[in-house]
Amino acid sequence: MQRIRLRYTKRGRLRFTSHRDFQRAFERALRRAEVPMAYSAGFTPHPKVSYANAAPTGTGSEAEYLEIALTEARDPEQLRLLLDESLPAGLDVVEAVEARTSGLADRLTASVWELRLDGVESADAERAVAAFTSAGTVEVQRRTKNGVRTFDARSAVVTLENATTTRDTPADRPTDRPCAILRLVVRHVTPAVRPDDVLSGLRAVADLAPPVPAAVTRLAQGLFDEETGAVTDPLAPDREAATPEPQSAAAAAAAKASA
């Protein structure tokens, strides 16, 4: 059995698709691409697809991950192309590697998010960021199936900055009005702290209330490096494991002599 790990995106209007919608679309793409999927046992077999930490409905993402199991070996890049052609534009499969290590989900410990706040001046965003980051705790409320829950949104946020002047990513909804851009790194904790919780925290500590809903995009997710403060690529260990070790001069000479 071969395992392939994929990175896919949710762009444009497709960011409004729910995780269940994506599952249905992806399983149709598997059938269209004639992928030799492995199936679970039991009365209702399902394709062996493992989804990891899907983004909330309504948020865009450049870094969603899943893993599939195949009964026959396939070239990861050819498989990626076939699946990408079988999915609607906006749900794009942008990377595929053969799984050569374990624990993909364990390597998704933090996310980098971008929040585009239409109608918010950069100076107002700067003041709100300063108030949030200087606070010891920022309590917010979220409605759950068990009722309203109160929790601290500050402790999970590693960094929060006003990135309005460094627009290195395309706008999800370009506009001529003022638009503040916030960039944050959030640890994956329990209970999960989502971008909308951070927005609630900014409203609580600085009365920052964008006139329209924020456009939220996950730029990256992976293992959080405590030393550098960076979120690392979760597929890097698989790519490195697939790269053959450089052959020493002695080994190369011995191989040549035996040939």
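Is Phe22 buried or exposed, and what is its relative accessible area? Phe22 is buried, with a relative accessible area of 3%, where buried means under 20%, exposed over 50% and partly exposed in between, calculated with a 1.4 Å probe on protein chains only. The model is a predicted one, in which local features need pLDDT of at least 70 and side-chain atom pairs count only at pLDDT 80 or more, while totals for chains, interfaces and linings use all residues. Residues are numbered from 1 along each chain as its sequence is written, and side-chain values use heavy atoms, with hydrogens and water left out.

The chain as a whole has six helices and ten strands, which are DSSP runs numbered from the N terminus (H or I of at least four residues for helices, E of at least two for strands). Of its 259 residues, 42% count as buried. Among contacts with a separation of 6 or more, 76% come from residues 24 or more positions apart, a contact being heavy atoms within 4.5 Å. The accessible surface comes to about 14000 Å², and carbon and sulfur atoms contribute 50% of that area; such areas come from the Shrake-Rupley method with a 1.4 Å probe, and for residues only the protein chains shown count as cover.

To return to the aromatic residues, the structure holds three aromatic pairs. The rings of Tyr8 and Phe22 have their centres 4.1 Å apart and their planes at 5 degrees, so this pair is stacked. Rings of Phe, Tyr and Trp (its six-membered ring) pair if their centres lie within 6.5 Å, and planes under 30 degrees apart count as stacked, over 60 as edge-to-face and the rest as tilted. Tyr8 in strand β1 and Phe22 in helix α1 (residues 19-32) are 14 residues apart, and the pair links distant parts of the chain; both residues are buried. Phe22 also pairs with Tyr51, and here the ring centres are 6.2 Å apart and the planes stand at 85 degrees, so the arrangement is edge-to-face. Because Phe22 lies in helix α1 and Tyr51 in strand β2 (residues 49-52), this second pair ties together parts that are 29 residues apart in sequence. Tyr51 is partly exposed, with a relative accessible area of 22%. Together with Phe26, the residues Tyr8, Phe22 and Tyr51 form one aromatic cluster.

Charged side chains provide a further set of links, and a search of the whole structure finds 20 salt bridges, each defined as a side-chain nitrogen of Lys or Arg within 4 Å of a carboxyl oxygen of Asp or Glu. One of them joins the side chains of Glu67 and Arg5 (2.6 Å, N to O), and this pair links distant parts of the chain, with Glu67 in strand β3 (residues 60-70) and Arg5 in strand β1 (residues 2-10), 62 residues apart. Glu67 and Arg5 are both buried, and they belong to a network of salt bridges that also includes Arg3, Arg107 and Asp238. Another salt bridge is formed by the side chains of Arg142 and Asp197 (2.3 Å, N to O), which links strand β6 (residues 139-144), holding Arg142, to helix α4 (residues 195-206), holding Asp197, across 55 residues. Arg142 and Asp197 are both buried. In the salt bridge between Arg239 and Asp233, the closest N and O atoms are 2.2 Å apart; Arg239 counts as partly exposed at 31% relative accessibility, and Asp233 counts as partly exposed at 30%.
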